[in-house]
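Here is a short report on one protein model. Please look over the sequence and the structure first.

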Amino acid sequence: MGKDNKKSILDDRYFMQIAFDLAKQAGDKGEVPVGAVIVKDEVIVGRGYNCPITTSDPSAHAEVMAMRNAGEHLGNYRLLDCTLYVTLEPCVMCVGALFHARIERLVYAAKDLKTGVCGSVIDLPAETRLNHHMHVTNGVMAQEASILLKQFFAQRRKK
């Protein structure tokens with residue numbers, strides 16, 4: 001493994017850990033624990049976590065909240081040369097938003113076998129007929145994210 005590859009893996013884990021911390025904040029508020037950060041030039045420019053319940057907004061997924069935050073920070077709805085780190089494989093709504101924002105790279109932790117559209121249910125980023133394409137990396141801190149989600153839903157079932 002080359003030096004650049006090793007650095008990329010370390011960077012991915014570093015930024016995913018921050019997304020994971022945001023996911024815990026969502027869980028503490030009774031939201032499904034998913035967190036996201038957007039990075040440009042190795043600097044976090046956007047942060048978000050799931051909050052559709054507390055905001056009564058069905059679009060308030062972690063990815064969308066992070067994109068809103070990054071757009072405000074950068075003063076642009078196009079998030080060129082950015083990477084989004086998220087703790088759960090994105091849904092169709094979020095991937096559509098990622099395409100419109102022109103996110104260059106997506107890194108996600110756990111697969112979502114019910115609604116994930118980056119390889120689990122379907123693979124929208126691989127669809128060649130669409131006008132935007134992004135690089136996708138998965139599995140970064142997947143076990144930790146999966147455990148967090150399982151614990152959250154186990155707690156909800158007890159109530």
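## Basis

This is a predicted model: local features need pLDDT of at least 70, side-chain atom pairs count only at pLDDT 80 or more, and totals for chains, interfaces and linings use all residues. Residues are numbered from 1 along each chain as its sequence is written, and side-chain values use heavy atoms, with hydrogens and water left out.

## Helix α4

Helix α4 spans residues 92-101. Helices (H or I, at least four residues) and strands (E, at least two) are DSSP runs, numbered from the N terminus. C94, V95, L98, F99 and A101 of α4 are buried. Buried means under 20% relative accessible area, exposed over 50%, and partly exposed in between (1.4 Å probe, protein chains only). Down the axis of α4, the buried residues fall within an arc of 165°, so they line one face of the helix. The arc is that of the directions from the helix axis to the C-beta atoms.

On the other side of α4, V92 and H100 are exposed. The cover over the buried residues of α4 includes α3 (62-74), β3 (82-88) and β4 (105-110). R102 follows α4, and its phi is positive, near 65°.

## Nonpolar core

The largest nonpolar core has 48 residues. Such a core is a set of buried Ala, Val, Leu, Ile, Met, Phe, Trp, Tyr and Cys residues joined through side-chain atoms within 4.5 Å. I38 and I103 touch the most other members. Elements that give two or more residues to this core include α1 (3-28), β1 (35-40) and α4. α1 gives the most, with eight residues.

Leaving out residues up to four places away in sequence, I38 touches residues including V43, A66, L84 and I103. Contact means heavy atoms within 4.5 Å.

## Largest pocket

The largest pocket holds about 310 Å³ of space. On a 1 Å grid over the protein atoms alone, a pocket is an open set of points where a 1.4 Å probe fits, with protein on both sides within 12 Å along at least five of seven lines; lining residues have an atom within 4 Å of a point.

Among the lining residues are V32, L88, D112, K150 and F153. The lining divides into six nonpolar, two polar and four charged residues. α5 gives the most to this lining, with four residues.

## K24 and F153

K24 lies in helix α1. K24 is partly exposed, with a relative accessible area of 38%. K24 and F153 are 129 residues apart in sequence and 13 Å apart in space, C-alpha to C-alpha.

Conventions. Grid points are joined across faces, edges and corners, and a volume is the space filled by probe spheres set on the points. Ala, Val, Leu, Ile, Met, Phe, Trp, Tyr, Cys and Pro count as nonpolar, Asp, Glu, Lys and Arg as charged, and the others, Gly among them, as polar.
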